[in-house]
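Please look over the sequence and the structure shown here before reading on. The paragraphs that follow lead from the terms used, through the overall fold, to individual strands and residues.

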Amino acid sequence: MVARAPWRAWRERTQRIVGRFRFWLGLIVGLGLAVIVHEVPYINWKPLVPPIETRPLVVRQDAKGDGRFKAPRSGGRRHRGIDLVAPLGSPVKAFRSGTVVQVGTHRGLGRFVVIEHRHQLTSLYAHLATTGVAVGERVKQGAVIGTVGKTGNAHHPWITPHVHFEIVRGGQPVDPATLGVQAMVFSSEGPKTAGGQLVQSTVAYLQGSQTDDRGGE
Ligand SMILES: [Zn+2]
């Protein structure tokens, strides 16, 4: 019983303080809850949501080009993203939550959307048929932002419909594979998982096909 006295005193003092600041404590807790309710939808529950629904993800390999990250492009350039094969008109999704910073049309990229994410990441989705978001709009992870198309330099009939998906960190393109985007490459030697180590194995394929870059960035 002796030990309960300090506890009782502490409790009474706490109750006094709570009673005095009841309004402000309520306000702080209420604001905290409001912020939580507002922010929960934008939590990235997964490291990524693939931008298209096709499974498995397949990297574009057609007569007009190679859709892998860093594949050669005209003028000594390198492919800044990956081209994921997808049916025309199918939904394109935000790979993480973020804020739309660009919606527009570009000669090469066609109709495109750029989303800014946390940790200095931005993602770009190009050759879209339609876009369903506006600049400044906040999007949840997996939200549909547009549909697959063949706009920009992907219009050539020999080019397989695809999404050009590009991730940039601090101005530099990042290999989506390093963020967990696992996509298959079907070369002349059969299916492989996309990644840097595969570049040599498909050299023979590249020599015959990817020189014309005008079709499909
Ligand atoms: Zn591309």
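A residue is called buried if 20 or more other C-beta atoms lie within 10 Å of its own, exposed if 12 or fewer do, and partly exposed in between, the C-beta atoms being placed from the backbone. By that count Lys-70 is partly exposed, because it has 16 C-beta neighbours inside 10 Å. This is a predicted model, in which local features need pLDDT of at least 70 and side-chain atom pairs count only at pLDDT 80 or more, while totals for chains, interfaces and linings use all residues. Residues are numbered from 1 along each chain as its sequence is written.

The average pLDDT (the predictor's confidence in each residue, from 0 to 100) is 88 for the protein, and 85% of the residues score at least 70. Over residues 195–215, however, pLDDT stays under 50, and for this stretch the model has 27 contacts beyond four places in sequence, a contact being a pair of residues whose C-beta atoms, placed from the backbone, lie within 7 Å. Where pLDDT is low, the predicted coordinates should not be read in detail.

The secondary structure comprises three helices and 14 strands, which are DSSP runs numbered from the N terminus (helices H or I, at least four residues; strands E, at least two). Of the 217 residues, 33% count as buried, and among contacts with a separation of 6 or more, 66% are accounted for by residues 24 or more positions apart.

A nonpolar core is a set of buried Ala, Val, Leu, Ile, Met, Phe, Trp, Tyr and Cys residues joined through C-beta atoms within 7 Å. The largest such core has 32 residues, and those with the most contacts inside it are Leu-84, Phe-112, Val-113, Tyr-125 and Val-163. Strands that each supply at least two residues of this core include β4 (82–85), β7 (110–116), β8 (121–131) and β11 (162–169). Val-113 touches, among others, Val-100, Tyr-125, Leu-128 and Ile-145, when residues up to four places away in sequence are not counted.

Strand β11 is largely enclosed by the rest of the structure, because six of its eight residues are buried. Strands are said to pair if DSSP finds at least two bridges between them; β11 pairs in the antiparallel sense with β8 over six bridges, and with β4 in the antiparallel sense over four bridges. Ala-126 stands opposite His-164 in β11, and Ile-82 stands opposite Phe-165 in β11. Three bridges join β11 to the antiparallel strand β12 (residues 172–174), and in their hairpin, which has two residues between the strands, Gly-170 takes a positive phi near 55°.

Several loop residues also deserve attention. Lys-150, in the loop between β10 and β11, is buried because 21 other C-beta atoms lie within 10 Å, and this lysine touches Leu-88, His-127, His-155, Ile-159 and Pro-161, not counting residues up to four places away in sequence. Lys-70 lies in the loop between β3 (65–66) and β4, and its phi is near 70°, a positive value in a residue other than glycine. Gln-120, in the loop between β7 and β8, likewise has a positive phi, of about 60°, although it is not a glycine; Gln-120 counts as exposed because it has 10 C-beta neighbours inside 10 Å. Finally, the peptide bond from Arg-55 to Pro-56 is cis, with omega near -5°, and Pro-56 is found in the loop between α2 (22–39) and β1.

Technical notes. Two residues are in contact if their C-beta atoms, placed from the backbone, lie within 7 Å.
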